[in-house]
Structure formats: C-alpha cells, structure tokens
2 protein chains.
Amino acid sequence: MNGNIVVGQSGGPTAVINASVAGVYSAAKRAGIQKVYGMEHGIQGFLMEELVDLDDYLGDSMGIEILKRTPSAFLGTCRYKMPPIDGNEKVYEEIFRIMEKYNIEAMFYIGGNDSMDTIKMLSDYAKAKNKPQRFVGVPKTVDNDLPVTDHCPGYGSAAKYIATTVKEVICDNGSFGLDKPSICVVEIMGRHAGWLTAAASLCKGEDCDGPAAIYLPERIFSIDQFVKDMKEIGETRRAAVVAVSEGVKLSDGRFVCELGNVDQGTDVFGHKQLSGCGNTLSGIIAKELGYKTRAIEFSTVQRSATHLASLTDIDEAFMAGSDAVEAARDGKTGIMVTLVRDSQFPYHCTTGTYDIHEIANFEKCVPTKWITNDGINVTQDFVDYAQPLILGELAPYMVNGVPRHLVIRKN
Amino acid sequence: MNGNIVVGQSGGPTAVINASVAGVYSAAKRAGIQKVYGMEHGIQGFLMEELVDLDDYLGDSMGIEILKRTPSAFLGTCRYKMPPIDGNEKVYEEIFRIMEKYNIEAMFYIGGNDSMDTIKMLSDYAKAKNKPQRFVGVPKTVDNDLPVTDHCPGYGSAAKYIATTVKEVICDNGSFGLDKPSICVVEIMGRHAGWLTAAASLCKGEDCDGPAAIYLPERIFSIDQFVKDMKEIGETRRAAVVAVSEGVKLSDGRFVCELGNVDQGTDVFGHKQLSGCGNTLSGIIAKELGYKTRAIEFSTVQRSATHLASLTDIDEAFMAGSDAVEAARDGKTGIMVTLVRDSQFPYHCTTGTYDIHEIANFEKCVPTKWITNDGINVTQDFVDYAQPLILGELAPYMVNGVPRHLVIRKN
C-alpha cells in the first residue's frame, strides 16, 4: 500500500478497544504508511468527515502507552447500521468519496457483530463496483460472542474485573455473622451469551469457594427452581453470592427483568421503576425465603475498568490491530482478524483471518457441555478456556491518585 | 502489660480494616505481648468465645502482607449494639469473665460510630467496677463521619475507587456520538455525610472534567432544581455523569430513594435500608427531559475494592492499629486513636488519642463552606483535604489472574 489508512471504533466500548487502535497505528507506521487517520464516532462520524490525524496523539511512544491504559473508545464510538446497498448507493458513494479524498486505501473497524456487518457491506460494495479499497474487521466485544475467533479482545479484561470484584463481594457479604442467610445477587452483562457471567467462576481458588450458583442465558430460567436452589444454598451456607446474566429468560420467552416492575411498584410520577433482573431476583429471595439479600449490578463499569485490565487481553487486542494492517498489506479485504489458540497448555495465541460473511450477525454462546447438569455452574473446561485470558496486569499511570488517560477532548 | 490482648472488627467492612488488625498484631508482637486473639464477628462472637490465635495466620511476615491486601473483615464483623448497663449487667460480666479467662488485658475494637459506642460502654463499665482492663477504639469507616479525627481509615481507599471508577464511567458514557444528551447518575454511599460522594470530584484533571454535578446529603435536595440542573447540563454537554449520595433528602425529610421504592425496613440500629435514589433520579431525567440516562450504584463494591486500595490509607490504617496498642501500653483506656494531619503541604499525618465520650454517636459532615454556592459541587479546599488520602497503590498478589486473600475459612 502506498496510500493512507483509517481506523474506527464501533459498538459498546471495552477496556482494551484502544489497544487495538494502538496496534493498527504502530504496525502502519512500522510499514511506512504516511497518514493513519482515526474516525471520530465510527462510520457515523466518518460520513461527516470527522477525522483526526493519529500522529497528533500517538506520535511519541508514551502516547501509545497511555492509550493502552485508557478505557472506552478513545476515538468515540457509534451504533450505526449500514443501510442495504440497494436504494442507498449515495451513502456508500459518500464513504468512498471521502476515502479517495484522503487517499485512504484501507479501513480498519474495531467492533462486534453489528460492526462486522459494516465491514461486510463496504467490502461487498467495493467488490461489486471494482473499487480497490480494503476493509478489515478487528474483533472487539466484552460479550465474547463472535463466531470463528477463539475469543474476543475485551472479554478477558471484563472477565478479570468480574472475577476480582465478585471475589471482593464474596468477602464483604461473608463477613457478617448473621442469624439468617445472606444472599447477594450479582447481575452481569451478556444478553444472549453467558461468557461474562460464567467468568464469575474464575474467582474460585484455595481462598474462595466462588459463587454459589451461576445462571447463564443459555439455559431456560425457572423462578421455582431458583427459589429451590436459593433455599438449599441458604440451608447449607451462611452467606452466598450468586451470579446471574442480565439476559436470563423464562420458558415463555420473557426476560426475568421484565417481572421486576410488579413488585417494585410505581414512583411519585406514576411510572414504573425499571430495574434489572438482579433486583427482581433479590426481591423474590426476600419475599419467598425471608433471607437477607442485596442486588449488585456491575453495569458499564465491567466493560470500562481499564485500571484492572488483563495484560494478555491488552497484548492480544494490540496484536489483532497490528495483524489487521498486515492482512490489508497482503491484499486481503472482507475479512476479520481472528484469535487462534494454537496451544492450551501452555497457553499460546496467534491470529488468523476469516471471511466476514461467516462472522457478521452470528452469535457464539457458551457450549452446553460446559454448563454443569444442574444448570447452575460451569465445568473445568470453561475454566481452562477462560483463565489464561485474564492473566497479567498493566499498571496504570497514576496521577493524583487516579489513572491517567489519553483523550481527544475532555468529558 | 504482661497479659494478652484481643482485637475485633465491627460494622460495615472497608478495604483496609484488615490493615488495622495487622497493625495491632505487629505492634503487640514487637512489644512482647504473648497472645494476640482475634474475636470472630466482633463483640457478638466474643460473647460466644469465638476467638482465634492470630499467630496461626500472621505468624510469618507474608501473612501480614496478604492480610493488608485482603478486603472486608478478615475476622468477620457484626452490627451488635451493647445494651444499657443498667439491667444488663450479665452481658458485661460475661465479657469480663471471658477476658479474665484468656488473661486479656486490653481490647481493641476497629469500627465506626456504633462500634465506638461499644468501647464507651465497656470502658465506662470497667471504670464503674474498678476493673483494670483497657478498651481502645481504632477508627474505621468509609463514610469518614467520625468526629475529632482528621479523617478515617477506609475513606481514602473507597474515595480512590470512586474517583477512578467515576472517571472510567465518564469515558464510557462520553464515547457515544448521540443525538440526545446522555446523563449517567452514579449513586454513592454515605447516609448522612457526603464525603464519599464528594470524592467523585477527585477524578477531575487535565484529562477529565469530572462529574457535571455532585449532590451531597448535607444540602436539601429539590427535584425541581435537579430537573433544572440536568436540563442546563444537557444543553451544554453532550454527555455527563452526575454523582448523588444515597442519602439525599427532600425538604419534607423523605429520602429521594423512598419516592421510587417500597420500604425496605430498618437495621438493628434503626437506620433505614437505602438503595435506589440513582434509579429514581434516572427515571425522572428520562421522563421529564427525554434524555438517554442510566443509573449505576456502586453498592458494597466501593467499600471492598482492596485491589485498588490507597497505599496512604493502608499505611494509616496500620499505624492506627499499631498506635492503639502503644496507647493501651501507656495505660490509656476509653479512648479512640485519631489521625492528626500535622502538615498539609506536604501532607503528613500522625496519630493522637481522644476521649471516646466525645466521639461515639456523633457524626461529622462535609463543612458547608466546602460546598459551592450552587450546591452541586465541592471547592478546592475539599480537594486539598481529600486528594492526599487517595495517593499510592499497593499491588495485589495476583494468583490465576485474581488477587489472593487471607481467609480464616473460605466463603
């Protein structure tokens, strides 16, 4: 490639999505590419020519190091769905016009399922119109639900935060000498795939029994069975933490969080209090069993806790960005970089590439065989899969007691 | 002292309450005290003779180091209120009987307001009955609301966690290029005192504007004014995070969280169980202004996040425990160790002691002069006060990707 490139971030941010930007930038500069543009707020911003020259931020190696320690999407993100090509040629033409204007030969898009659809549409359009520009996807999602790739950058860090925080919550919840059992319900992200909720199991070790139960969205959720499970746990343990996916569903297809509004009542303005499934289930435990109970929702904190990111995850996110540039230089387009686990013991990971048509809009769930028969735990196979992904730390640069971040503008 | 001592933990745990146990143990051993007992689950467990010999856990210096990195109350905690002496002499006699049985000359109790009441009652009883045993309080509370002491061990670490996490949430919330403003309401602990909520301001710096507004319980909360504030913020900023104390109250005395929640009951001290003002206020923003909004509650995570504890806080918690032993050896009783800031620039802190009668059951709030006139921020004086308390880190010992803890038994 003789021209320039552009990189963008899309979808829900993660703790290491910026490490992939750093990887794209570093590999491009190493290859002698002159300009590495960043699109602000993904393809939505690109359509408005909101471009920055990354030399302005990453020109020295300290910039790269701070970026690797910066949470969320440094360039800004978006949730923009490319329209069907038929009838919307103008949108596509505009994108290629801007690419040509800035002499951009390749676009790198860091994102999850929906973002890979953007790569698919743009590379399909380029192929149909015989355009030379290349489009390469870089995987990113805390949900870990992209197919083909062994795992997704972003997952390991969220999993490490969840395992660490669940372990700390177990310590806190277990510290009271109570007359009645105390059950803390921790609600974890992952609407359709239980990878993050399953990661709560990673806190188990010589000093911690781990969560007393783990409920994944891969299994139908039964309120009756849940109450039975909690009763049994309360009879055998003084204190317990249970991990529940935000996406657990009843057999009739309703999300458990949809049940919550009944018991929570309405507020002074007469509208229903929206609450998560953790609150709903905590209320059910209190009502049905009389136990002390509390709900904790990790919310967006679990995807933005870069202060506790996994070094393995940071390194792999960087590698995915870097190898995306190599793939484009090799002439590849319409692909996503994948992570390939070429050894399990000891863990070792390289990258590959895969046809974007086999990836966009598909979801990978936790395999049924990795869920225990009683449906409330995961097997050692899951632990063997996930544990290597949370290993290692990269100490933040602390200034005035808090981590320093790289920003385009302050928030 | 020729006899033994006992140490206990009481009330809500913190990230560094174990560092005070480590301080008591280390000073006692240095002074040649033979047995250092730990009471499991505070005075409630002591009454059942639930004692451990701390040599079994802290006998080597590695044990001390892991304990300093262990969240929550290693010994277990309780919320036990000593009954009035009149009519309950049996409870007091039982405590002194157990102390005599184990040749315990001094009791160290690490806790907040309610726990200091235990020290007051026991030392009053000892004085009335001419008993030689000494009772020394060691301050502990994330709420930072104990009087006399400059600040409380536990506060700095919770403040550091809050500042760091609010900063990460600001990055996350600000990353979307939205058509309508996005306001994230972060609910922070502190029933009557706004010290922790104010700590959200500590994330402000060259790379972060900090929270757009901070609502402390020291000021009367007005829903109308809140909606006005949010409207103004939404008109000037695309994305904002606001920090709200769980304890904000309307002019008629009702907690804001009561507007949207059924009564959750009271604890043994008559405190109302609070949760949910973030959800209530987030709902109001959505309904009244139509903004995108989200509530995040830091819950017990903010008091147990030892993985991000402040080294200053750990060291001061250790020092408070250590100096409590020195005070007892000097013959003092019916006192609490205080932290004394003997220099502000540069920050330096030593300890003192103070009559427990002037401390138990009093609360210290954020001074009015440290709250800005508009009531939605704190002044530089607050930052100067709080910032030194969050400085420094103590890297956890990571095993299999998560911090290793010291435990008496697994939870």
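Which residues have the most contacts inside the largest nonpolar core? They are Val186(A) and Val186(B), in a core of 274 residues. Such a core is a set of buried Ala, Val, Leu, Ile, Met, Phe, Trp, Tyr and Cys residues joined through C-beta atoms within 7 Å. Buried means that 20 or more other C-beta atoms, placed from the backbone, lie within 10 Å of a residue's own.

The model is predicted; local features need pLDDT of at least 70, side-chain atom pairs count only at pLDDT 80 or more, and totals for chains, interfaces and linings use all residues. Residues are numbered from 1 along each chain as its sequence is written, with chains lettered from A and ligands numbered from 1 in the order in which they are written.

Val186(B) touches Val166(B), Val169(B) and Ile296(B), among others, not counting residues up to four places away in sequence. Contact requires C-beta atoms, placed from the backbone, within 7 Å.

Between the chains, 66 residues of chain B are in contact with 66 residues of chain A. On the chain B side, H7(B) gives the most, with 10 residues. Helices are DSSP runs (H or I, at least four residues), numbered from the N terminus.

Within chain A, the axes of H1(A) (residues 17-30) and H13(A) (residues 311-329) come within 7 Å and cross at roughly 40°. These axes are lines fitted to C-alpha atoms over the stretch in contact, with angles from 0 to 180 degrees between N-to-C directions. H1(A) and H13(A) are therefore oblique to each other.

Notes:
Two residues are in contact if their C-beta atoms, placed from the backbone, lie within 7 Å. Helices (H or I, at least four residues) and strands (E, at least two) are DSSP runs, numbered from the N terminus. A residue is buried if 20 or more other C-beta atoms lie within 10 Å of its own, exposed if 12 or fewer, and partly exposed in between; C-beta atoms are placed from the backbone. Angles under 35 degrees count as roughly parallel, over 145 as roughly antiparallel, 65 to 115 as roughly perpendicular and the rest as oblique.
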